[in-house]
Amino acid sequence: MSAPIISLEGLTSTTSFDQLLATAKSGGCASSTCGLSGKPDDIDPAVWEKIKDHPCFSEEAHHYFARMHVAVAPACNVQCNYCNRKYDCANESRPGVVSEKLTPDQALRKVIAVANEVPQLSVLGIAGPGDACYDWKKTKATFERVAGEIPDIKLCISTNGLALPDHVAELVDMNVDHVTITINMVDPEVGAKIYPWIFYDHRRYVGIEAARILHERQMLGLEMLTARGVLTKINSVMIPGVNDEHLIEVNRWVKERGAFLHNVMPLISDPAHGTHFGLIGQRGPNAMEMKTLQDRLEGGAKLMRHCRQCRADAVGLLGEDRGQEFSLDSIPGEVTYDSSRREAYQEVVARERHDHVAARSEAIGMVKTAGSGKSLLVAVATRGGGRVNEHFGHAKELQVYEVSPRGISFVGHRKVEQYCLGGRGDNATLDGVIAALEGIDVVLCAKIGNCPKDQLAEAGIRATDAYGHDYIETAISALYAAEFGIQPLAATA
């Protein structure tokens with residue numbers, strides 16, 4: 001029997017502020033102590049302090065904390081064959097896309113409005129829609145304004161790296177301790193297939209020369225950040241037939257230069273997006289190709305597998321985007337920051353995640369000692385909080401875990417179209433969901449109807465709501481025990 005659940009969805013609704021405060025005050029637990037006591041054993045305490053509330057740099061944190069991107073940096077100095085920075089595409093989720101560009105003052109107003117309404121917010125990022133380091137004056141002005149109003153928010157940038165070395169000292173001075181660099185190659189001949197041109201030192205370069213300069217600047221920027229203790233995440237776009245095999249070499253290079261994480265993302269290639277790769281028919285990898293490459297990279301630079309390839313104006317938890325709720329015309333002209341909701345949320349989540357870490361450790365320990373040589377791929381429908389708490393028919397993505405004698409590990413996510421709308425399911429949509437679940441053995445969800453459950457079974461995929469609202473790892477360990485005849489854990493929450 002599961003213990004009472006802290007409903008993160010309920011606690012973040014606009015009508016539950018009194019409940020949020022009451023819960024935060026009830027346990028006498030400060031987030032700084034509870035959060036730290038849940039630190040994984042293999043992470044240095046100083047590093048944990050930097051990543052524990054950052055949803056991109058910590059897979060564990062992404063269950064609880066939200067990021068926000070402000071689109072203040074539209075200028076770019078590199079052309080990528082997979083990028084087309086067009087605007088007003090509210091239904092597209094891909095880097096470089098925004099619905100409205102902002103000035104630094106407008107960005108500040110929007111950040112305050114979001115912070116007042118989205119207590120999960122912990123990180124402000126600038127990811128374009130161009131390049132944050134090339135459009136530096138706007139990036140710097142935005143960070144200065146926001147840090148003056150919300151000093152505890154983490155500041156983060158994403159850059160192609162070409163102009164990065166010029167601004168490392170300023171980034172450190174502004175306490176920016178998370179930087180993402182997109183590095184798709186370390187061989188200029190490969191780079192020439194990805195980048196038609198760069199603009200550097202007042203000149204445009206093309207071909208191999210452009211790729212060579214970009215490569216040298218990226219490596220220099222990475223080394224400078226590592227030397228100053230700034231955590232770096234490397235984004236690499238997997239382009240089948242172009243750099244898929246080469247990314248093994250990229251992983252080795254960035255690990256040697258101190259990268260904290262390596263995030264290998266699939267190419268998004270659709271002719272409708274107007275990118276060069278989309279127009280020439282360059283395909284992106286499928287989910288199993290992505291997993292195969294990521295598995296080959298294990299043992300190199302630590303992998304990030306929970307990326308959602310966010311828009312440059314994304315707001316909310318990873319896997320959701322509430323950006324359209326906070327368009328400029330919906331925000332009052334004058335807004336004042338109120339820290340109370342964020343502080344109360346952090347108190348509540350500190351206790352919840354502390355319990356989650358303990359439950360995860362117990363679950364993984366059981367799996368490792370089970371004695372079974374088998375593995376399963378499990379897809380989980382979740383709304384956040386690290387729990388199996390989403391109806392199958394309402395899910396827009398499923399998080400994928402691998403369970404084996406080595407333990408339980410997050411290996412990725414599968415985006416799906418919502419199957420159930422208005423209480424009725426669509427068979428054509430369900431067919432698409434089933435196709436997206438290639439390679440999955442079991443689906444865990446809070447609820448599922450008999451019809452989709454039967455159709456999944458016909459496709460060789462089992463689905464169950466028997467572990468609804470349990471912690472994900474607890475549910476997976478119990479499933480594993482039931483599957484292979486092992487003594488199961490009691491459900492914990």
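Analyst: Happy to! Just after helix 16 comes Gly-485, which takes a positive phi of about 70° (helices, H or I of at least four residues, and strands, E of at least two, are DSSP runs numbered from the N terminus). This is a predicted model, where local features need pLDDT of at least 70 and side-chain atom pairs 80 or more, while totals for chains, interfaces and linings use all residues. Residues are numbered from 1 along each chain as its sequence is written, and side-chain values use heavy atoms, without hydrogens and water.

Helix 16 itself runs over residues 472-484, and its 13 residues reach 18 Å from the first C-alpha to the last, close to the 18 Å expected at 1.5 Å a residue (1.5 Å times one less than the number of residues). Ten of the 13 residues are buried, so helix 16 is largely enclosed by the rest of the structure (buried means under 20% relative accessible area with a 1.4 Å probe, protein chains only). The buried residues are Ile-472, Glu-473, Thr-474, Ala-475, Ile-476, Ser-477, Ala-478, Leu-479, Tyr-480 and Ala-481. Their cover includes helix 13 (340-368), together with strand 12 (376-380), strand 13 (397-404), strand 14 (407-415) and strand 17 (442-444); contact here means heavy atoms within 4.5 Å.

Elsewhere, Pro-104, Asp-105, Ala-107, Leu-108, Val-111 and Ile-112 of helix 5 meet Lys-138, Ala-141, Thr-142, Arg-145, Val-146 and Glu-149 of helix 6.

Methods
Buried means under 20% relative accessible area, exposed over 50%, partly exposed in between (1.4 Å probe, protein chains only).
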